Amino acid sequence: MALDSLAVDAWLKDFASEIHDNAELLTDLDREIGDGDHGINMDRGMRAVAALNPSEFPAAADYLKKAGMTLVSTVGGASGPLYGTFFLRVGMAWTTVEDAASLGLALRTGLDGIIQRGKASIGDKTLVDALSPALDAFDAHASEGISAALAAAALACAEGRDGTIPLIAHKGRASYLGERSAGHQDPGATSMTMLVEAASRTLS
Ligand code: ADP
Ligand code: MG
């Protein structure tokens, strides 16, 4: 069965409410190594996404692309264009999503877009450090089906998030702190884990 617009709606709304409930945590993390706006940025963007009317987007791919454009246009800061690009690219690849293999490919298209846009590598202490191992875990479990693959991805994503704590930032505002960025959890990796956990709850 294809993952349709209703599934995407559940994913986006679950993520939006998770971001809203944790906006303060995300902002506090960003205050430690950035400018203290990550929770505010993401909440503004995901509120706008959650306000979209799913019945206007019968095709899941169009819904995802609209979500991406909404994030780009409503979120200032690095995270808006990065999350926006993610959803745009996932949307472009979504037309064929109906099993774990094609879902994994669509999500990886999104990660590739983030890397193209932000030029971050693994170990730079960004959301890439959460999403990249998550998608590797997804692929490793894809033969077991979407639920198992997403559950493995969510676990690996949280591990990647926790793994950002000792890292020294090489991208984004946190990189201005140099070695002083070590010892703090990356805010973007934290919100990214919420996105993958939301996918695991809603797309399974
Ligand atoms: P800003 O840094 O502009 O204030 P946010 O606070 O909303 O934007 O987002 C910060 C998060 O964005 C960081 O925690 C990091 O995960 C992510 N980020 C920043 N720059 C990059 C980049 N070049 N590539 C990938 N992720 C990045
Ligand atoms: Mg910030």
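Colleague: Is Ser 5 buried or exposed?
Modeller: Ser 5 is buried, because its relative accessible area is 9%. Here buried means under 20%, exposed over 50% and partly exposed in between, using a 1.4 Å probe and protein chains only. This is a predicted model, in which local features need pLDDT of at least 70, side-chain atom pairs count only at pLDDT 80 or more, and totals for chains, interfaces and linings use all residues. Residues are numbered from 1 along each chain as its sequence is written, chains are lettered from A and ligands numbered from 1 in the order in which they are written, and side-chain values use heavy atoms, leaving out hydrogens and water.

Colleague: Okay! Which helix does Ser 5 lie in?
Modeller: Ser 5 lies in helix 1, which covers residues 5-21. Helices are DSSP runs of H or I with at least four residues, strands are E runs of at least two, and both are numbered from the N terminus.

Colleague: And which residues does Ser 5 touch?
Modeller: Leaving aside residues up to four places away in sequence, Ser 5 touches Pro 54, Phe 57, Pro 58, Ala 59, Ala 60 and Tyr 63. Touching is a contact, with heavy atoms within 4.5 Å. For Phe 57 there is a further detail: its backbone oxygen lies 2.5 Å from a polar atom of the Ser 5 side chain.

Colleague: Let's zoom out. How many helices and strands are there in the protein?
Modeller: The protein has nine helices and zero strands. You can follow the α-α-α-α-α-α-α-α-α pattern as you read along the sequence.

Colleague: What share of the residues counts as buried?
Modeller: Of the 204 residues, 52% count as buried. As for the outline, the C-alpha atoms fill a box of roughly 50 × 35 × 30 Å along the principal axes.

Colleague: New topic: which residues are the protein donors of the magnesium ion?
Modeller: For the magnesium ion (ligand 2), they are Asp 30, Asp 35 and Asp 37, each through OD, at 2.0 to 2.2 Å. Donors are N, O and S atoms within 2.8 Å of the metal (3.2 Å for Na, K and Ca), and the site may look incomplete as water is not among the atoms. In sequence, these donor residues follow the spacing D-x4-D-x1-D. One of them, Asp 35, counts as partly exposed because its relative accessibility is 38%.

Colleague: How many aromatic pairs does the structure hold?
Modeller: It holds five aromatic pairs. In one, Phe 86 and Phe 87 have ring centres 5.4 Å apart and planes at 80 degrees, so that pair is edge-to-face. Rings of Phe, Tyr and Trp (its six-membered ring) pair if their centres lie within 6.5 Å, with planes under 30 degrees apart called stacked, over 60 edge-to-face and the rest tilted.

Colleague: Last one. Where is the place of Lys 119?
Modeller: Look in the loop between helix 6 (100-118) and helix 7 (128-141). Lys 119 is exposed, at 57% relative accessibility. Its phi is positive, about 60 degrees, although Lys 119 is not a glycine.

Colleague: Why mention that?
Modeller: Because most residues other than glycine have a negative phi. Lys 125 lies in the loop between helix 6 and helix 7 too, and its phi is also positive, near 65 degrees. Lys 125, though, is buried, at 1% relative accessibility.

Note on methods. A polar contact is a pair of N or O atoms within 3.5 Å; within protein, one must be able to donate a hydrogen and the other to accept it, and residues adjacent in sequence count only if both atoms are side-chain atoms.
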